[in-house]
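I opened the file to look up charged pairs and helix packing. My notes follow the order in which I checked things.

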Amino acid sequence: MSAHPRLTAACKLLFKLALTALALFIVFLKIDLDKTLLIIQKATPLFLLISLFLYVSSKIISALRLNLFFKNEGIDIDFITNLKLYAVGMFYSLFLPAGIGGDGYKAMFIKKNYMAPLKKIIWAILLDRVSGMIVLSFFCMFFFMFTTIEINMAVAIFIGTSVVIILPAFYLIISIFFKNHLSNFMQTTGYSLVVQGMQVVCAYLVLLSLNLQDSFFIYLALFLISSVFAMFPLTIGGVGARELAFILASDFLNFNLDLAIAFSLLIFLINVVSSLPGIFIRVQVEKEPDNLQLT
């Protein structure tokens, strides 16, 4: 007999709470909290506002990318509908960690209201995620090449080779296993490059707001690596995961840990602010489902 859904959700929530608490406990042990908060208080608001605008813009482009994957699976959703569902999904992923999550919400809503095949919806969402992860990995390795971190020859060759082959390898996989997505490969990958590029600029502006003078490549490379940590749904809204990545990296690299944690917390705050409108859009979407139509 399967576990009761509410019990399962409660267990997931407790597990995430425990991991989040543990991650934050480790982080707070390693940093000077007063110094970190002082760094945040001195941040330049203008840079943060521009960063927020770029982050929101990157999410709109992410929604465009997801819509292309839907279309490749024969699910033709109009742009406004998809954008609304994407916004609600952001809210669900960040603020309702014990439930089905943002991707699950989008999948079930489309299946329930428009009778779209669940398998096709899941493939579209999964490939959208993979496309983002591939480009994120590309940016991680690319920025790592420009840091002043000393690495051995084998690691340097691996990183350099990976930067060259990762996108062609992804194209080859799509051409073999997902031919219906091949015609839009350049467009979806282009969207992924733009999205990740905008988020790198967003992170750069946050660093500028904190008055960082040098070592930008190290912080940006760490930001990208920590973003991979945050993508795994092990903590609530990724809280603690990104910061823990900085803590682990501090054992091998030389950088200002208090500033790095302040940087990470501001990135999370930008994510929170950009996700909040999803609750209002959710009310509208679920109140008037007939206004959302597959074309």
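Is Arg129 buried, partly exposed or exposed? I looked it up: Arg129 has a relative accessible area of 41% and counts as partly exposed, since buried means under 20%, exposed over 50% and partly exposed in between (1.4 Å probe, protein chains only).

Before going on I noted the ground rules. The model is predicted, so local features need pLDDT of at least 70 and side-chain atom pairs count only at pLDDT 80 or more, while totals for chains, interfaces and linings use all residues. Residues are numbered from 1 along each chain as its sequence is written, and side-chain values use heavy atoms, with hydrogens and water left out.

Entry on salt bridges. I searched the whole structure and found five salt bridges (a side-chain nitrogen of Lys or Arg within 4 Å of a carboxyl oxygen of Asp or Glu). Side chains of opposite charge can pair when their charged atoms come close.

I took Arg129 again and found that it forms a salt bridge with Asp103, at 2.9 Å from N to O. This pair links distant parts of the chain, with Arg129 in helix H6 and Asp103 in helix H5 (residues 101-114), 26 residues apart. Helices here are DSSP runs (H or I, at least four residues), numbered from the N terminus. Asp103 is partly exposed, with a relative accessible area of 22%. I also noted that salt bridges with shared partners join Asp103, Lys106 and Arg129 into one network.

Next I checked Arg65, which forms a salt bridge with Asp128; their closest N and O atoms are 2.7 Å apart. Arg65 lies in helix H3 (residues 45-72) and Asp128 in helix H6 (residues 118-145), so the pair links distant parts of the chain, 63 residues apart. Arg65 and Asp128 are both buried.

I then looked at Asp76 and Lys71, whose side chains meet in a salt bridge at 2.3 Å, N to O. Asp76 is partly exposed at 31% relative accessibility, and Lys71 is partly exposed at 38%.

Entry on helices. I noted that H3 has 28 residues and reaches 41 Å from its first C-alpha to its last, close to the 40 Å expected (1.5 Å times one less than its number of residues). Gly74 follows H3 and has a positive phi, near 80 degrees.

Note on methods. Helix = DSSP H or I, 4+ residues; strand = E, 2+ residues; numbered from the N terminus.
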